[in-house]
Amino acid sequence: MRFIYLPIFILVTIGNSFLLAQSTTGFSISGTISDESGEPMMATVLIHELGTGTAADQNGKFTLRNLNPGNYHLHVSHLGYKSLTKTVSIQNNDVRLDWQMEPSAITLQSLTIEANPFKNGPVEQSQTIDVIDRDFIERNNSGTFSNALEKLPGISTINTGVGISKPVIRGMSSNRIQVNDRGIKQEGQQWGADHGLEIDPFDVDRVEIVKGPASLIYGSDGMSGVINISPAPIPHDGEIKGHLINSYQTNNNMRSHSAMVEGNENGFIYKGRLTFQDYQDYRVPADEFTYAGYVLPVYENRLKNTAGKERHFSLMTGIRKKWGKSTITLSRFGQQAGIFTGAVGIPNSYNLQHNGDYGNIELPNQDNSHVKVISNTTIQLNQNWLEIDLGYQRNERQEQSLPHAHGISSSQEGNLALGLYLNTYTANLRFNHHISNKEQAIIGFQSSLMDNQFDGFEFLLPQFKSQSAGFFYFHEYRLKDNFILNAGLRVDVAKHQIDAHSQPTYNNGEATGNEVLRNPDIDRSYANLSGATGFSWIVNNKSNLKLNLGSSYRVPSPIELATNGIHHGNFRHELGNPNLNSERSFQSDLNFTYSQRNLLIGFSPYLAYYSGYIYLSPTAKFSTLPGAGTLWEYRQNNAIFSGGEVKIQWAILPNLQTSIAGEFVNSQNLDTSLPLPLTPPASVLFGLDWELPYKNQWLPASNMFIEYRQVAAQNRVDRNERVTEGYVLLEAGLGLEFAMARQIFKFRISGKNLLNSYYFNHMSRYRLLNLPEQGRNINVSLKIPIQIKNQ
């Protein structure tokens, strides 16, 4: 499980492939790209497996040189045209191609899928997949990566203030969503609703969201969906470039600065990024709130101690040769954020008066650090490709608080209420086997080892070790040119070893000398079999119908088995259940897409049955622990999730585009006949995007947008869960791209919650304190692309 054999295997394989590459004469793929009328196009051509490509010249001609014999997946893209994905086979001679691209005014049609298992196009996949790029993320930047995804139907977030958020796909989050960064599953403390996703929002170039059952390819936590974060294509040989991004948000005076540089010198590639973010206490449209029967003030409309600061960096280096590519990435996410003063302790002891420094981070607060070392290697083996991803992660989460707020007069740990330290080792191996022009298969192996330690005067998550390993086989068969079938099976084993823990008891803040057993020793092993099948029917060049059926599973996490303590970030006492079994689901997803030059319509209904669904439910009991509130218990019942998403994009004019994105989730506990807790309400987002016609050499591009979101009331709640009223949000913005002294500048100004609406987000953690969401917020950003060296 320490994966000693894998580095040796990698070195041997790379060595053999390198020798093979040296003895083989390089071949080329060349051709022309034009539109329907035959006019040449300067489109971009990317080889997926090598992560590099080229751009066609003004005559539409391109050449990709120095390639080994084998199969390559080429992605062709150009703004204003549907993307193309072609599989090209090189035998013992050069390949010549001529392509025509179909015009499309729909922005999403120009994006291709990169992280899917077979590297083919979006229509070949049987699952519902959304793709966004860096421009989308920068336009919707709210300070966190997760919040940028909320514009997609079926995606929402769980927020704790404005600096901490995590994604929700179709009503599920935490351990039911898998986030992969450069092929490695992100492992932090994602079980906690107040634990954000430790991803630098500026260090994301491309995101693919797989909705529905994805456990077959990605593992247990892919039960409701997967978020794949992919790196940008490798720069062209001899190119060095970068950018500077500066932004400011008015609501909490957030100042963000990020700098990046990357290059490629004769196949030696590198990239570095440094990000700083600082923000003050944020403003809400309220001057008081009610908590536990107390009416408490919100001075100057600011929530005290919600300020924070972030320091992130990433470094990547590697090589790209004829045999493939290999990179290693070192990154660190660092965040220190205050926890609203009213979130910990007894209400009548709160001191909510500001001291004049809105950027001061006081107690209680949290300090999060996430270090990752990721190795990605892709090796060509004749007609096949071998992919190897190795990762090490160190997640440190420290919650600082005054002991007396927890019913303790003093502590040898000082102010460290809770410290969680998680080490994770991950190894993934995939062999992409090309069988014929109609068939291809993937054989994959995944394994991980997690070691968690804890510290502090509070207890929440015990010390544990978890081991898991999985083996899968996935097969794709092209029955006809327009009908693609896929199916696969997966076998997994997992083991949790959780240590017992006893906690001292206190009376009036003083230790009694006695201890209480908070959780016993737990040693559980699991084995699961899962599978999936589906098809994609390309009805014609405008319509595509997909169906995906899957049976997934999820192993209960250590927190679900063994927690027994106050989770102050969630304002509740959480109690685990050591007898929980694996979840089992049976899921179906249907997707229909109709697209033409100026119209895109997509509809994605789904239905899933869960046997032994694990969830945290509020009880009618109050905790006996000092400073605690309601007792929440982990339970297991059968449940059904159903719902769907719809998206419509219509280019009314070539430069005027409107969009509608709607979503609905319905959950039902079959044992209690009640909804499951924390189900997001239905919502619809209307958007209008106008590309301004005023263009010249000084102002090459500009656009305006306006968005209106209507969120329904959430009246379908679990027992002892509060309902949430509906609300309306308005957002608008302006983007300008202008040139000065041959330097391009990209300026954006946008406003969120422009009506300064007073509303409660059903998924927000501060809703439990009757605290409204952030008020009006204006975001101003300036991006400066820098071309240091051309090829």
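A word on the basis first. This is a predicted model, in which local features need pLDDT of at least 70 and side-chain atom pairs count only at pLDDT 80 or more, while totals for chains, interfaces and linings use all residues. Residues are numbered from 1 along each chain as its sequence is written, and side-chain values use heavy atoms, with hydrogens and water left out.

Let me begin with the empty space. Rolling a probe the size of a water molecule over the atoms shows where such space is left. A cavity here is a set of points, on a 1 Å grid over the protein atoms alone, where a 1.4 Å probe fits but cannot get out, and its lining residues have an atom within 4 Å of a point. Grid points are joined across faces, edges and corners, and a volume is the space filled by probe spheres set on the points. Searching the whole structure in this way gives 17 cavities of 30 Å³ or more, and the largest cavity has a volume of about 750 Å³. Its lining is made of 37 residues, and those that lie nearest the centre are Asn147, Glu150, Asn159, Leu729 and Tyr759. Two or more lining residues come from each of the elements β9 (155-160), β38 (683-691), β39 (701-711) and β40 (727-740), where strands are DSSP runs of E with at least two residues, numbered from the N terminus. By kind, the lining of the largest cavity divides into 13 nonpolar, 16 polar and 8 charged residues; Ala, Val, Leu, Ile, Met, Phe, Trp, Tyr, Cys and Pro count as nonpolar, Asp, Glu, Lys and Arg as charged, and the others, Gly among them, as polar.

I turn now to the sheets, in which two strands pair if DSSP finds at least two bridges between them.

Asn180 stands opposite Asn228 in β14.

This brings me to the charged pairs. With a salt bridge taken as a side-chain nitrogen of Lys or Arg within 4 Å of a carboxyl oxygen of Asp or Glu, the whole structure holds 39 of them. In one of these, Lys211 pairs with Asp130, and the closest N and O atoms are 2.8 Å apart. Lys211 lies in strand β13 (residues 206-211) and Asp130 in strand β8, so the pair ties together parts that are 81 residues apart in sequence. Both Lys211 and Asp130 are buried, meaning under 20% relative accessible area with a 1.4 Å probe and protein chains only.

Arg206 forms a salt bridge with Glu208, with the closest N and O atoms 3.4 Å apart, and these two residues are buried as well. In the salt bridge between Arg397 and Glu399 the corresponding distance is 2.9 Å; Arg397 is buried, with a relative accessible area of 3%, and Glu399 counts as buried at 10%. Finally, a network of salt bridges links Arg134, Asp135, Glu138, Asp205, Lys271, Arg748 and Lys783.

Technical notes
On a 1 Å grid over the protein atoms alone, a cavity is a set of points where a 1.4 Å probe fits but cannot get out, and a pocket is an open set with protein on both sides within 12 Å along at least five of seven lines; lining residues have an atom within 4 Å of a point. Helices (H or I, at least four residues) and strands (E, at least two) are DSSP runs, numbered from the N terminus. Buried means under 20% relative accessible area, exposed over 50%, partly exposed in between (1.4 Å probe, protein chains only).
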